[in-house]
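Colleague: I'd like to learn how to read a model like this one. Could we take it feature by feature?

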Amino acid sequence: MGTLRSKKPLSPQEAMARAMALCDRCEQCSPEILKKLSAWGLVSADAARIIARLKEMRYLDDMRFARAYAHDKMAYSGWGRNKIIAGLWAKRLGREFIEASCDELDPEEYSAVAERVIRAKARTLAEGLATYENRLKALRFAAGRGFEISLATDIIRRLRLEAEQECDGDD
């Protein structure tokens, strides 16, 4: 078994170039970049200078990151506000960025995503939303995805009524 070799720390110039390349590929936030700079062996003073320079050059913008994260997690991953907030919190972003990014989510699109998620879950249930147990399963699923209980309850109630009206129309 070979011995573990410690990697030579990057110079501030190499770290800056690598950080710029990361920010070019996809949106990053300053806590993530700071963590990477530390892992690359930079001292905190150099890391702080690099973060400041990246922000100055507009490679790094925590508000822009938070907005993109919130929108993409909602639109593409079907996440609700609570899960988005937890994700941004885990990235160690400030409260102001988290609150602003969630406040900017389009309410109609948000409700449509919640409905899409609940409909998809209902399709996997043998009797749809007809039974109390299945409605509870759909509610727990929506809550697990980060949607507010009140919103999920309203959607489940409406979908159940639609299903009952369809059944009444078939008779």
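**A buried serine, a ring cluster and a helix**

Modeller: Start with one serine: the side chain of Ser 101 reaches the backbone oxygen of Ile 98 at 2.9 Å. That is a polar contact, a pair of N or O atoms within 3.5 Å; within protein, one must be able to donate a hydrogen and the other to accept it, and residues adjacent in sequence count only if both atoms are side-chain atoms. Note that this is a predicted model: local features need pLDDT of at least 70, side-chain atom pairs count only at pLDDT 80 or more, and totals for chains, interfaces and linings use all residues. Residues are numbered from 1 along each chain as its sequence is written, and side-chain values use heavy atoms, with hydrogens and water left out.

Colleague: Is Ser 101 buried or exposed?

Modeller: Buried means under 20% relative accessible area, exposed over 50%, partly exposed in between (1.4 Å probe, protein chains only). Ser 101 has 2% relative accessibility, so it counts as buried.

Colleague: Where is Ser 101 found, and in which helix?

Modeller: Helices are DSSP runs of H or I, at least four residues, numbered from the N terminus. Ser 101 is in H6, residues 95-103. Contact means heavy atoms within 4.5 Å. Beyond its neighbours within four places in sequence, Ser 101 touches Met 63, Ala 66, Arg 67, Ala 70 and Leu 88.

Colleague: How many aromatic pairs does the structure hold?

Modeller: Rings of Phe, Tyr and Trp (its six-membered ring) pair if their centres lie within 6.5 Å; planes under 30 degrees apart are stacked, over 60 edge-to-face, the rest tilted. There are three pairs here. One of them is Tyr 69 with Trp 79, edge-to-face, 6.4 Å centre to centre and 75° between the planes. Tyr 69 sits in helix H4 (residues 62-77), Trp 79 in the loop between H4 and helix H5 (81-90). Both are buried. With Phe 65 they form one aromatic cluster.

Colleague: Which charged end sits over the ring of Trp 79?

Modeller: The test is NZ of Lys or CZ of Arg within 6 Å of the ring centre and within 35 degrees of the ring normal. Lys 73 meets it over Trp 79, 4.6 Å from the ring centre. Arg 81 lies over the face of Tyr 110, at 4.1 Å.

Colleague: Which residues of H8 are buried?

Modeller: Asn 134, Arg 135, Ala 138, Leu 139 and Ala 142. Turned away from that buried side are the exposed Tyr 132, Glu 133 and Arg 140. Just after H8, Gly 146 takes a positive phi of about 100°.

Note on methods. Helices (H or I, at least four residues) and strands (E, at least two) are DSSP runs, numbered from the N terminus.
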